[in-house]
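Reader: I have a model open and want to go through it with you. Can we keep it short?
Author: Fine, send your questions.

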Amino acid sequence: MYLPQTEIATSGATVVIPARNEEPTIARVVEGVQDALPGVRTIVVDDASSDATGAAGREAGADVLRLDEWSGYAGALRHGYEAALAGGARVIAQIDGDGQHEPADLPRLIENLARADVVVGSRFLDGGDYRPTVLRRAGMAGCRWLTARAGGPDLSDPTSGYRALKRWVARDIADAGFPRGLTESSLLIRLARRGVRMAEVPVRMYPSDGVSMHDGLAGGAHALRIGWDVAGLVARPGAR
């Protein structure tokens with residue numbers, strides 16, 4: 001894998017974008033990030049894509065971390081965190097490469113780290129117009145309920161992948177990995193049980209324009225894994 005050398009301010013933020021086969025959308029996402037946070041370092045983690053995701057991201061102005069073997073969403077994020085930390089980032093934000101997240105909301109996520117260690121972007125605050133399917137909405141509601149029951153944060157959108165973290169939290173995740181490869185509710189429960197402060201801010205989300213890393217049957221299986229794991233944490237209130 002490769003990562004071009006770039007001059008960055010060690011006190012700044014880095015935006016990590018995990019991406020697999022998202023050539024149609026990745027350039028627009030990178031450009032949106034640069035518009036929202038001019039000059040911010042942006043790392044596209046190209047998770048063994050079979051298309052030109054990496055090239056499109058690089059042409060749009062991002063550093064590209066190419067993974068030659070498929071790592072999955074959690075693995076791609078972990079590689080991205082490690083690269084950002086190695087570059088001296090004090091703040092790391094993550095945004096998906098499929099066009100679902102609105103890059104213009106990045107400053108709000110980062111600014112709210114003044115009151116928390118992790119800030120999660122919620123599609124359901126302030127009357128957002130995100131409209132998932134009935135089945136997906138039911139699954140999200142179940143995750144919210146189980147997350148709170150398991151001692152996790154009381155968030156409206158615990159499955160959101162749009163978030164910002166302080167350096168020390170990202171360092172902990174990069175070292176320990178995501179619990180059982182899950183990046184959503186299970187992680188937030190683990191962090192909350194360790195005293196990590198979390199906050200939530202409204203963000204805009206849209207239907208994915210690209211090939212989402214959680215599309216189709218893979219997405220359904222992933223949702224079942226989240227529910228099963230969180231249910232297990234409810235049964236083990238002292239686990240970390």
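Reader: Is F178 buried or exposed?
Author: F178 counts as buried, at 10% relative accessibility. Buried means under 20% relative accessible area, exposed over 50% and partly exposed in between, with a 1.4 Å probe and protein chains only.

Reader: Before we go on, what are the ground rules here?
Author: This is a predicted model, in which local features need pLDDT of at least 70 and side-chain atom pairs count only at pLDDT 80 or more, while totals for chains, interfaces and linings use all residues. Residues are numbered from 1 along each chain as its sequence is written, and side-chain values use heavy atoms, with hydrogens and water left out.

Reader: How many aromatic pairs does the structure hold?
Author: One. Rings of Phe, Tyr and Trp (its six-membered ring) pair if their centres lie within 6.5 Å; planes under 30 degrees apart count as stacked, over 60 as edge-to-face and the rest as tilted.

Reader: Why is the pair of Y81 and F178 put in its class?
Author: The planes of the two rings are at 50°, so the pair is tilted; the centres of Y81 and F178 are 6.1 Å apart.

Reader: Which parts does that pair tie together?
Author: Y81 lies in helix α3 and F178 in the loop between α6 (167-176) and α7 (185-193), so the pair links parts that are 97 residues apart in sequence. Helices (H or I, at least four residues) and strands (E, at least two) are DSSP runs, numbered from the N terminus. Y81 is buried as well, with a relative accessible area of 0%.

Reader: What about α6, which of its residues are buried?
Author: V169, A170, D172, I173 and A174. They pack against α3, β4, β5 (118-122), β6 and α7, where contact means heavy atoms within 4.5 Å. After α6 comes G177, with a positive phi near 80°.

Reader: Now the sheet. What is the strand order?
Author: The order is β3-β2-β1-β4-β6-β5-β7, in an open sheet of seven strands with mixed pairing. Two strands pair if DSSP finds at least two bridges between them. The edge strands, β3 (63-67) and β7 (198-202), each pair on one side only. Neighbouring strands are turned by 20° against each other on average, direction ignored.

Reader: How many bridges join β2 to β3?
Author: Five, and the two strands run parallel; β2 covers residues 41-47. I43 has D63 in β3 as its bridge partner.

Reader: Which strands does helix α1 touch?
Author: Helix α1 (residues 23-36) packs on the sheet against β1 (13-19) and β2, and its direction makes about 170° with that of β1. Axes are lines fitted to C-alpha atoms, for helices over the stretch in contact, and angles run from 0 to 180 degrees between N-to-C directions.

Reader: And where does α3 lie?
Author: Helix α3 (residues 72-86) lies across β1, β2, β3, β4 (91-94) and β6, at about 145° to β2.

Reader: Last one. Where is R163 found?
Author: In strand β6 (residues 163-166). R163 is buried, with a relative accessible area of 2%. A polar atom of its side chain lies 2.7 Å from the backbone oxygen of S160.

How values were computed:
A polar contact is a pair of N or O atoms within 3.5 Å; within protein, one must be able to donate a hydrogen and the other to accept it, and residues adjacent in sequence count only if both atoms are side-chain atoms.
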